[in-house]
Amino acid sequence: MILDTILYNDVTLRDLLLVLVILLVFAFIAKVITLNLKKSLIDKMRKSELELLLKIVNYGILLLAVIVSFPMLSIDLSGLLVAGGFGALVIGFASQSVVTNLVSGLFLIIERPVKIGDQVNIGGVEGYVEDIRVLSTIMRGYDGVYVRVPNEKVFTSTILNYVADVARIFEYKIGIAYGSDAEKALNIVRGVIEAHPIALKYPAPVVFVDELGDSSVNIVARIWAPSIEWFSVRSELLLQIKQALDKGGIEIPFPQRVIWFGERETRNAPEG
Amino acid sequence: MFGTHDYSLSIDRQGMRIRVERSSGVFRYIRETEGKRVEKVLSSPYARILLHPVEPVNLPKKLTRLLEIEFDPVVMGPNSEKTFYLKFPIEIGIFLEEDGMRDVIDLVSIAPPKFSLYGNPRSGVITRYFRSNTYFDIPEVEPCLEGVLKLTVKNPLRENVEVSRVVLEGHSMMLYFGRFASMIAYLQIVNSQTGETYFMDEPLELGMERAIKLYKVRRMPVAGLERAIMIGGIEHSVFTMEWGLT
């Protein structure tokens with residue numbers, strides 16, 4: 001048969017056609033995989049980084065096709081593979097942290113524990129997420145300082161995302177003087193919270209006397225606010241509560257001690 | 001109050017003052033509410049000013065597209081349908097119209113705003129909240145403060161379902177105005193915890209005019225807004241209330 005025609009060494013026409021088919025199949029698989037990756041990651045990664053990743057995946061699959069099919073053409077890749085293996089070992093040791101960050105970055109892109117704009121605490125670093133890149137996450141601290149956090153640290157750290165949920169709760173502790181009307185104070189605080197438009201109606205705020213402290217009667221107010229607005233609500237509300245309590249004649253005392261002196265017995269002085 | 005005005009516009013109601021003044025050869029739009037003053041120079045002397053009720057989900061901040069109205073509980077019997085009226089807060093859009101072009105120059109509301117959470121803190125939604133009594137006739141309202149919502153609740157289930165809350169998607173609202181602002185909506189009960197709300201594009205009273213829509217309805221993935229239904233050949237966006245009806 002024509003397909004059994006030997007081209008060179010033991011390589012027949014059939015072998016050549018098989019290699020071509022294998023290369024075409026792998027090329028098709030590479031195309032499908034890169035298209036799907038692009039579709040799923042297009043809004044999660046920068047365009048330049050996504051293009052780079054897709055090229056790496058595409059050429060990686062084609063390289064695999066070459067490794068699988070070339071032995072059929074009596075091309076001995078073993079020497080190349082050994083050299084490549086040594087090279088990969090050397091490069092691997094030298095770039096292990098880069099690779100770790102890259103892999104962590106990919107997992108972060110898939111898991112998405114943080115998004116750009118989120119207010120977070122990543123392993124003790126607090127601030128806003130400015131950018132999420134393949135190797136690192138860029139944050140801006142509350143003082144405006146640029147912070148680059150390697151993705152390996154982001155992936156393995158405890159992440160506090162203050163805005164991941166729709167709403168969050170915050171708490172005030174307000175101490176009023178023992179001589180002040182506690183019930184009036186509670187009503188004043190409740191009224192101020194109710195009047196604030198962004199302090200949420202539901203879940204309802206909770207205001208109660210929490211403790212009879214050394215210097216004051218301590219009131220706790222727990223208030224829910226939309227996560228994206230919680231800080232502005234928290235900042236505004238406390239001042240409004242203070243002003244309302246002042247207006248209502250409720251004293252917020254300094255820390256204090258009341259000292260009682262007992263009566264002394266008097267003794268007759270000795271004569272002389 | 002609602003409708004089309006020229007530069008002789010002067011409204012003073014419930015502490016809200018809106019007017020156009022001319023000084024130094026220039027027309028100025030002036031709005032004053034609760035000690036706050038907004039002033040804008042109008043470059044054209046020929047424009048018309050339109051005051052229309054708009055979707056009440058913009059002020060004081062655009063935090064949500066949803067309006068939630070809590071009302072006196074209504075127990076819906078098995079396989080029943082009931083229509084009643086609720087009040088809703090009004091936001092007024094002030095538009096400048098000239099040569100067929102219309103632009104919004106101001107949004108104002110004197111209805112005290114309040115937000116709430118519908119659902120749980122993890123996956124719920126923030127809503128503009130309003131508390132209304134339940135009325136079985138069209139109630140009297142102060143037009144610059146409140147409008148009238150005609151709500152029809154449909155219960156196809158074979159059990160009683162209590163309803164005391166309705167959540168409406170703001171961008172799908174079909175507002176009309178005449179002597180007051182109005183809209184017509186439906187709440188279709190799906191189960192004892194879930195319902196679907198949608199609007200009808202109809203005036204509550206004859207002679208009412210369709211209000212300008214601030215938002216065009218788009219099929220955007222808003223929590224709960226997943227589908228549309230066809231009624232009378234017209235597509236209506238449906239909002240699914242999935243965190244309870246009370």
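Contact here means heavy atoms within 4.5 Å. This is a predicted model, in which local features need pLDDT of at least 70 and side-chain atom pairs count only at pLDDT 80 or more, while totals for chains, interfaces and linings use all residues. Residues are numbered from 1 along each chain as its sequence is written, and side-chain values use heavy atoms, without hydrogens and water.

**View 1. Overall fold of chain A.** Of the contacts in chain A with a separation of 6 or more, 60% join residues 24 or more positions apart. Chain A has seven helices and ten strands (DSSP runs numbered from the N terminus: helices H or I, at least four residues; strands E, at least two). Its radius of gyration, taken over C-alpha atoms, is 35 Å, well over the 19 Å that the globule rule gives for 272 residues, so chain A is more spread out than a compact globule. That rule is 2.2 Å times the number of residues to the power 0.38.

**View 2. Nonpolar patch on the surface of chain A.** Leu7(A), Tyr8(A), Leu16(A), Leu17(A), Leu20(A) and Ile75(A) together have about 490 Å² of accessible area (Shrake-Rupley method, 1.4 Å probe, only the protein chains shown counting as cover for residues). Strand β1 (6-8) and helix α1 (13-41) each supply at least two residues; α1(A) gives the most, with three.

**View 3. Leu20(A) in helix α1.** Leu20(A) lies in helix α1 of chain A. Its relative accessible area is 45%, so Leu20(A) is partly exposed (between buried, under 20%, and exposed, over 50%).

Key. Chains lettered and ligands numbered in written order. Patch = residues over 30% accessible without salt bridge, like charges linked within 9 Å, V, L, I, M, F, W, Y side chains within 5 Å. Salt bridge = Lys/Arg side-chain N within 4 Å of Asp/Glu carboxyl O. Buried < 20%, exposed > 50% of the residue type's maximum accessible area, 1.4 Å probe, protein only.
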